[in-house]
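Subject: Structure handover

Hello,

Here is the structure for you to take over. Please open it alongside this email, then read on for what was found.

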Amino acid sequence: MQNLLGGDEAIARARKPELYADAAYAVITRPSRDCTGNAFLCEDVLAAEGVTDFDRYAYQPGTEPEADLFVDHA
């Protein structure tokens, strides 16, 4: 990330691996009938679990995380 996709600015807007781990855990512990065939965004999964403070997942708290490349924000 840092050396290929934007340096320190990219790192400041990057997410920590814990975000993905916590979201994955939330999905795999849900009933499979509720999840099969769906695609999820980490922030949406964790928000549904009641997480409101995402600064703990940021390398630089208070920054807006970079949107994933595959997400259409139109």
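Helices here are DSSP runs of H or I with at least four residues, numbered from the N terminus. On that numbering, Y57 lies in the segment after helix 4. Y57 will come up again below.

**Confidence**

This is a predicted model. The mean pLDDT of the chain is 82. Of its residues, 76% reach 70 or more. Confidence is lowest in helix 1, residues 7-12, with a mean of 70. It is highest in helix 2, residues 17-28, at 95. Where pLDDT is low, the predicted coordinates should not be read in detail.

**Overall layout**

The chain has four helices and zero strands. Along the sequence the pattern reads α-α-α-α. There are 74 residues in the chain, and 23% of them count as buried. Take the contacts between residues at least 6 apart in sequence: 53% of these join residues at least 24 apart.

**The core**

Which residues make up the largest nonpolar core? There are ten: L19, A23, A26, V27, C35, C42, V45, L46, V51 and Y57. Helix 2 and helix 4 (42-48) are the elements that give two or more residues to this core. Helix 2 supplies the largest share, four residues.

- C42 lies in helix 4. Its relative accessible area is 14%, so C42 is buried. Beyond residues up to four places away in sequence, C42 touches L19, Y20 and A23. The C-alpha atoms of C42 and A26 are separated by 9.6 Å, with the two residues 16 apart along the chain.
- C35 lies in helix 3. C35 counts as buried because its relative accessibility is 10%, under the 20% cut-off. Leaving aside neighbours within four places in sequence, C35 is in contact with V27, R30 and F40.
- V51 touches L46, R56 and Y57, again not counting residues up to four places away in sequence.
- Y57 counts as buried, at 4% relative accessibility. Setting aside neighbours within four places in sequence, Y57 is in contact with A14, R15, K16, E18, L19, D22, L46 and V51. Y57 and D22 are 35 residues apart along the chain, and their C-alpha atoms are separated by 10.0 Å.

**Salt bridges**

Side chains of opposite charge can pair when their charged atoms come close. How many salt bridges does a search of the whole structure find? It finds two.

One joins the side chains of R15 and E43, at 2.5 Å from N to O. This pair links distant parts of the chain. Is R15 buried or exposed? R15 is buried, with a relative accessible area of 16%.

R30 forms a salt bridge with E49. Here the closest N and O atoms are 3.4 Å apart. This pair also links distant parts of the chain: R30 is in the loop between helix 2 and helix 3 (32-35), E49 is in the segment after helix 4, and they are 19 residues apart. R30 is partly exposed, with a relative accessible area of 22%. E49 is partly exposed too, at 47%.

**Rings**

The charged end of R30 sits over the ring of F40, 5.7 Å from the ring centre.

A pair of aromatic rings is described by the distance of the centres and the angle of the planes. The count of aromatic pairs comes to one. Which residues form it? F54 and Y57 do, and the pair is tilted. The rings are 6.2 Å apart centre to centre, with 40° between the planes. F54 is partly exposed, with a relative accessible area of 26%. Y57, by contrast, counts as buried at 4%.

**Where to start**

Y57 belongs to the largest nonpolar core, pairs with F54 and is in contact with residues including R15. Then turn to R30, which forms a salt bridge with E49 and has its charged end over the ring of F40.

Best wishes

Terms used: Residues are numbered from 1 along each chain as its sequence is written. This is a predicted model: local features need pLDDT of at least 70, side-chain atom pairs count only at pLDDT 80 or more; totals for chains, interfaces and linings use all residues. Side-chain values use heavy atoms; hydrogens and water are left out. pLDDT is the predictor's confidence in each residue, from 0 to 100. A nonpolar core is a set of buried Ala, Val, Leu, Ile, Met, Phe, Trp, Tyr and Cys residues joined through side-chain atoms within 4.5 Å. Buried means under 20% relative accessible area, exposed over 50%, partly exposed in between (1.4 Å probe, protein chains only). Contact means heavy atoms within 4.5 Å. A salt bridge is a side-chain nitrogen of Lys or Arg within 4 Å of a carboxyl oxygen of Asp or Glu. Rings of Phe, Tyr and Trp (its six-membered ring) pair if their centres lie within 6.5 Å; planes under 30 degrees apart count as stacked, over 60 as edge-to-face and the rest as tilted. A charge sits over a ring if NZ of Lys or CZ of Arg is within 6 Å of the ring centre and within 35 degrees of the ring normal.
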